[in-house]
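Welcome! Here is a short tour of a structure that may be new to you. Please have a look at it first, and then read on.

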Amino acid sequence: MKTTGKLRKYIYGITFFFLVLTGFGQMPVYKRYYISDIPGLEWLSQFYITHVMHYIASFVLIALVVYVFISFIFRGSGKITGSGYLKIFILAGLIVSGSLLVIRNLPGVFLGHNLIIVLDLTHLALCMMLMAVSFYTLITKKTWVK
Amino acid sequence: MTSRISRRAFLKGSITVAGSVAATSSVARAAKSITKKSSEPLVTLIDISKCIGCEECVYACQEVNEPKFPEPEKPFPKMFPSRVPVQDWSDKRDVTDRLTPYNWLFIQHAFVDIDGEETELTIPRRCMHCANPPCVKLCPWGALKQEDNGLSRIDSDLCLGGSKCKSVCPWNIPERQTGSGMYLNILPSLAGNGNMHKCDRCYNRLEKGEQPACIEICPEDVQTIGLKSEILKKAHALVRETNGYIYGELENGGTNTIYVSPVPFDQLNKSIEKGKGKPHLKKVENMMANGTNIAKAMLIAPIAGIAAAFGKFYLSSQEDK
């Protein structure tokens with residue numbers, strides 16, 4: 001059980017890291033600021049690669065969130081902490097806005113221009129919020145569940 | 001310069017006259033029919049064999065789109081880091097032999113062998129208006145828009161000039177002008193670099209029931225615009241009639257611009273001058289296909305999560321026994 005918890009933590013950490021890395025790669029910043037000049041990181045300025053990697057990492061995140069949610073219901077014990085609720089709320093917002101952006105990217109789908117701008121900005125703002133809250137919970141060692 | 005001004009003045013007059021004629025002719029009826037609400041996108045057919053390379057479309061495009069052109073503020077903000085290129089076309093607005101922020105359509109020249117005779121073919125080039133445009137879909141700010149009539153365009157009020165749209169465009173169509181746009185009000189030295197510009201298929205004219213300027217002005221009727229199914233039917237009939245070749249129907253998963261040529265497009269591609277602001281005519285695979293396939297597979301993600309949770313529950317219940 002302990003091993004599963006550790007594995008879950010690692011998968012979440014790695015997925016979160018790749019989502020942030022490839023998410024920022026959707027903006028033309030890595031080439032401008034020499035990051036993709038670092039040997040081994042050239043792919044960060046390849047928009048089609050970061051796009052696909054962001055999708056793959058999103059797949060893992062969604063599967064993990066569903067897995068954790070159902071496992072929590074099955075377990076029937078434990079209390080979600082305040083910071084846990086905050087992170088769940090932000091994650092839900094990220095998944096909903098991200099899913100709508102994925103739908104927007106499908107051929108033949110036309111979403112309203114204003115809605116797309118709101119989704120883009122919401123997705124970015126929620127990502128920044130999750131990074132800040134996660135950093136806070138990491139240094140204060142606050143857990144998701146008591 | 002004098003001849004240029006008079007030519008532009010002449011073209012301006014021509015457009016006005018053409019507009020007046022159009023209002024009372026079948027052209028107006030056609031223009032109205034292309035604005036009617038339909039689930040089908042509008043597609044343009046470009047018959048290369050008809051083009052005489054007169055560049056009237058080029059000047060008409062410049063004329064009607066002049067109000068949309070950038071008016072950059074100078075001197076430009078100092079860019080950081082220094083590798084960020086300043087791209088300034090504001091003093092070269094008369095350039096017509098390539099795509100620029102001030103020239104959204106140009107004529108490409110190809111010299112090919114037709115029936116043993118070297119022939120010059122001229123090809124109007126501009127944005128292809130892809131059916132699933134990577135420039136629109138991958139813009140991180142939603143600064144590019146795709147209308148439900150199939151055209152894609154850049155919103156100059158929102159564009160920061162990062163040039164991602166150019167990088168992801170299979171033909172590298174959009175062109176940048178430094179020194180204009182919203183980035184000047186944010187962190188001009190650190191983020192953004194102006195505005196991107198490209199053909200918007202005269203969306204404002206289409207809204208009024210008018211045809212795009214390049215189509216309306218053409219003395220040879222090189223371009224036809226209409227509903228996708230009708231235009232594709234016409235294009236294939238033309239290919240059969242002339243033993244011709246088609247481009248744009250399958251490129252990048254399909255575009256809303258169809259070229260028909262009397263010679264294969266790989267021959268045209270070999271002959272045309274390619275490079276900055278001068279797009280190729282190569283076959284293009286569907287650049288968004290990988291993303292689309294993974295997006296469809298994403299539907300399985302919640303099922304995978306449910307299966308893993310039930311699997312874990314089942315295994316632990318077996319262990320408890």
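Helices (H or I, at least four residues) and strands (E, at least two) are DSSP runs, numbered from the N terminus. This is a predicted model, in which local features need pLDDT of at least 70, side-chain atom pairs count only at pLDDT 80 or more, and totals for chains, interfaces and linings use all residues. Residues are numbered from 1 along each chain as its sequence is written, chains are lettered from A and ligands numbered from 1 in the order in which they are written, and side-chain values use heavy atoms, with hydrogens and water left out.

Most residues other than glycine have a negative phi, and most peptide bonds are trans. Here are some places that depart from this pattern.

| Site | Backbone feature | Location in chain B |
|---|---|---|
| B:K74 to B:P75 | cis, omega about 0° | B:P75: loop between helix 3 (56-65) and strand 2 (106-114) |
| B:F80 to B:P81 | cis, omega near -10° | B:P81: loop between helix 3 and strand 2 |
| B:C202 | positive phi, about 50° | loop between strand 7 (195-197) and helix 6 (203-207) |
| B:D221 | positive phi, about 50° | loop between helix 7 (213-217) and strand 8 (223-227) |

Is B:C202 buried or exposed? B:C202 is buried, because its relative accessible area is 6%; buried means under 20%, exposed over 50% and partly exposed in between (1.4 Å probe, protein chains only). B:D221, at 49%, is partly exposed.

Next comes helix 10 of chain B, residues 289-297, whose buried residues are B:G291, B:T292, B:I294 and B:A295. Seen down the helix axis, these buried residues fall within an arc of 165°, so they line one face of helix 10. The arc is that of the directions from the helix axis to the C-beta atoms. On the face turned away from the buried side sit the exposed residues B:N290 and B:K296.

Chain A has a surface feature of its own. A:L7, A:I11, A:I56 and A:V60 form a nonpolar patch there, with about 310 Å² of accessible area together (Shrake-Rupley method, 1.4 Å probe; for residues, only the protein chains shown count as cover). Patch residues have over 30% relative accessible area and no salt bridge; like charges are joined within 9 Å, nonpolar side chains (Val, Leu, Ile, Met, Phe, Trp, Tyr) within 5 Å. A salt bridge is a side-chain nitrogen of Lys or Arg within 4 Å of a carboxyl oxygen of Asp or Glu. Helix 1 (2-24) and helix 2 (47-75) of chain A each supply at least two residues of the patch.
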